[in-house]
Amino acid sequence: MRLIFSTFILGIFLGCSGPDQAQKLSPKQAFLDSLLNEMTLAEKIGQMSQATGNWEKTGPVVTDPDMVDLATRGKVGSFLNVFGAARTRSAQELAVNQTRLGIPLIFGYDMIHGYKTTFPIPLAEAASWDLDLIKRSAEITAIEAAASGLHWNFAPMVDIARDPRWGRIMEGAGEDPWWGSKVAVARVQGYQGDDLSSLSTIAATAKHFAAYGAAEGGRDYNTTEVSERTLREVYLPPFQAAAKAGVATFMNGFNDLNGIPATASELLVRQILKKEWDFQGFVVSDWASVQEMTDHSIASSDKEAAELALIGGCDMEMVSTTYTEFMEELVKENPTYISYIDEAVHRVLAIKYDLGLFQDPYRYSDPAREAEVVLHNDHFKHAREIAKRSIVLLENRNQTLPLNTDLNRIAVIGPLADDKETPLGTWSAQGRQEHVTTILEGIKLASGDETKILTAKGCEVNSSDKSGFKNARSMAKQADVIIAVVGEEALMSGEALSRSDIGLPGVQLELLQMLKATGKPVVVVLMNGRPIAEPWMYENCDAVLETWHLGVQSGPAIADVLFGSYNPSGKLPVTIPRSVGQIPIYYNHKNTGRAYDPTERYTSQYIDEDHLPQYPFGYGLSYTEFEYSNLVLDKSSFHAGESISIGVDIKNSGPVSGEEVVQLYVRDMFGSVTRPVLELKGFHKTMLAPGESQTIHFTLGAEDLRFWDKDMKFSWEPGNFKVFVGPDSGDLLGADFKLL
Ligand code: NOJ
């Protein structure tokens, strides 16, 4: 059998280098065409089907597939949840040696923030505003995965999320389409590099196409209703940016978008993705999302679901088996479907070709390389670097932080203080607790020899039991400072983990209140996968660090910030609301006809809640102070084709060196359609020594001011604009200009 495979594939390789074909077609094109030509309909359908391995399930339980049977009968072109150099090699051997054409399998897996070396959750990394480091996390993920037999990552998730109840907000870059697009590109480049066939890159997936994050009520999988304008202005830009950056695959969303499940959306996939954006990779469904179209009550049978997905442009079906079961029958009934099938298979085979799998199907399954690179020291170094830069300092009353290393006693209290699972976050792939350094461990390593560390749990994350309070109080009372580590466990955010109350679970708030009542300074280290609405905590505790779920190096990274060996520079990629009632709340909202005015009753506001969020988008403090002044434009008006230069002075007027994320926003004052009050258009991260000043320059052109106008043309309109620069979306200097 092996001989047949080798001869066959080799034959095609040799055949395609013949002079006639070479003149007309690239070697890749010629190879793919001849292979497709050789394939039976059943073999083609196999390439359009993906099954899960038995080792890990990342969706509702399905009957354990018979992997050997599926692979040797050519019933699948791909597995997900099959990983490890040795296992992928054996699975690959089945397909390569025992099927007629020996077409290699492609192995996919969810490595959302690392393979074995776990980095901060994506929302946390987005708070670092450091695209190079974000890219580096993706590169390392690819290096570890590619050595472990994996070819394909189901990441990045580029869904814009404006509702923190939605558990998957942790998986993306937050609420802003401009920043979301930059992060999407950095991640795609990190995973894929310049060459998919390199042994240290893997194929990436832009998911979940599209508007999955707009789930009504923030409830995962829920219906989405989004106008085409909002779709194109808010939800699609990161996908388009990923497509432009050459992402290899897209994944359909589970959601019903404006009445059509995304998995069958001709508008999204055939029209926008494959035609307007000229996407050349392939589209995979989400877990059983093809079959679920019967539950969406749009398909009356599994067969109809297969037909709708095929017409919609879904090239590969994940987990459900409607393609395998019904595609032959569908083609018999409607022979024109063969063109959709050929297109889909061509796309799938093209990515396998780009990965180099036809040259050597085992190139990624290398136990020696796996042993050498996975969990490499350098990967841990990077994990610490990006983790400390992802931390956002939300409060720091009376300069409680940074702590002196020579304190007598520090009380480290709270259910997450020594928890090894929570820092891994949700979607932790092969991350393991034994590789995590907890906060307690990090503090012990960083504090001086003379400092005594007292510790108590106080309570569990999500329980009503307060019996541990007494001991926690007694530890707290003996200490110079209390570090309270509270928040959400790993599996309180992520897929199918939406919450209706986004405050601190259980009795953790009461724990904080009890600690504060001791009169000792309370530093809250918040660990969470979504914004936490808990006004008392933010307004009463002495310092609050937003540390998200930071991965294996959580403890050392947090200690770096607590003791000031790193001055925090993270800024929120998402608004933190004061209460669930304010949701949706995001900075780039429209003005309305009756914008909020506290002195006027008939304006847009709540009678029982503040108008402003707890913290605006882009917010984050430092151990130093930055002063902004002299916002100057080089001209007051310009024409399309020209640009305007914006300068602002920034001075570090505080006591220590620090990095600041200087943010640039614009407002289009009048348009043919209503425009947001602010839109992020740029940022600059800069390091300043105490007393140092810098002038930061930005440039804007008409192309930066484009939007979907009243005729749904993506274009700029002449008129009045305001430009704003500042430390966050709630604290800005402004100036006016005109586009002529
Ligand atoms: C369902 C999730 O929505 C998707 O993001 C993931 O890639 C697949 N399951 C596979 O695990």
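**View 1. Cys314 in the predicted model.** Cys314 has a relative accessibility of 2% in this predicted model. Because that value is under the 20% cut-off, Cys314 counts as buried.

**View 2. Cys459 and the cysteine sulfur closest to it.** Cys459 has a relative accessible area of 5%, so this residue is buried too. Which cysteine holds the sulfur closest to that of Cys459? That cysteine is Cys541, and the two sulfur atoms are 13 Å apart. A disulfide requires cysteine sulfur atoms within 2.5 Å, so the sulfur of Cys541 is too far from Cys459 for a bond. By this rule, the count of disulfides is zero.

**View 3. The residues around the ligand.** The ligand is surrounded by 13 residues. Among them, the closest are Thr58, Asp110, Arg168, His208 and Asp286. Sorted by class, the shell around the ligand consists of six nonpolar, five charged and two polar residues.

**View 4. Side chains at ligand oxygen atoms.** In the side chain of Arg168, a polar atom lies 2.6 Å from an oxygen atom of the ligand. His208 also places a polar side-chain atom 2.6 Å from an oxygen atom of the ligand. For Asp286, an N or O atom of the side chain is 2.5 Å from a ligand oxygen atom. Taken alone, the ligand exposes 300 Å², and 100% of that is buried by the protein.

View 5. Which cavity does the ligand take up? The ligand takes up the space of the largest cavity.

Key: Residues are numbered from 1 along each chain as its sequence is written. This is a predicted model: local features need pLDDT of at least 70, side-chain atom pairs count only at pLDDT 80 or more; totals for chains, interfaces and linings use all residues. Side-chain values use heavy atoms; hydrogens and water are left out. Buried means under 20% relative accessible area, exposed over 50%, partly exposed in between (1.4 Å probe, protein chains only). A residue is near a molecule or strand if one of its heavy atoms lies within 4 Å of it. A polar contact is a pair of N or O atoms within 3.5 Å; within protein, one must be able to donate a hydrogen and the other to accept it, and residues adjacent in sequence count only if both atoms are side-chain atoms. Accessible areas come from the Shrake-Rupley method with a 1.4 Å probe; for residues, only the protein chains shown count as cover. On a 1 Å grid over the protein atoms alone, a cavity is a set of points where a 1.4 Å probe fits but cannot get out, and a pocket is an open set with protein on both sides within 12 Å along at least five of seven lines; lining residues have an atom within 4 Å of a point. A molecule sits in a cavity or pocket if more than half of its atoms lie within 2 Å of its grid points. Ala, Val, Leu, Ile, Met, Phe, Trp, Tyr, Cys and Pro count as nonpolar, Asp, Glu, Lys and Arg as charged, and the others, Gly among them, as polar.
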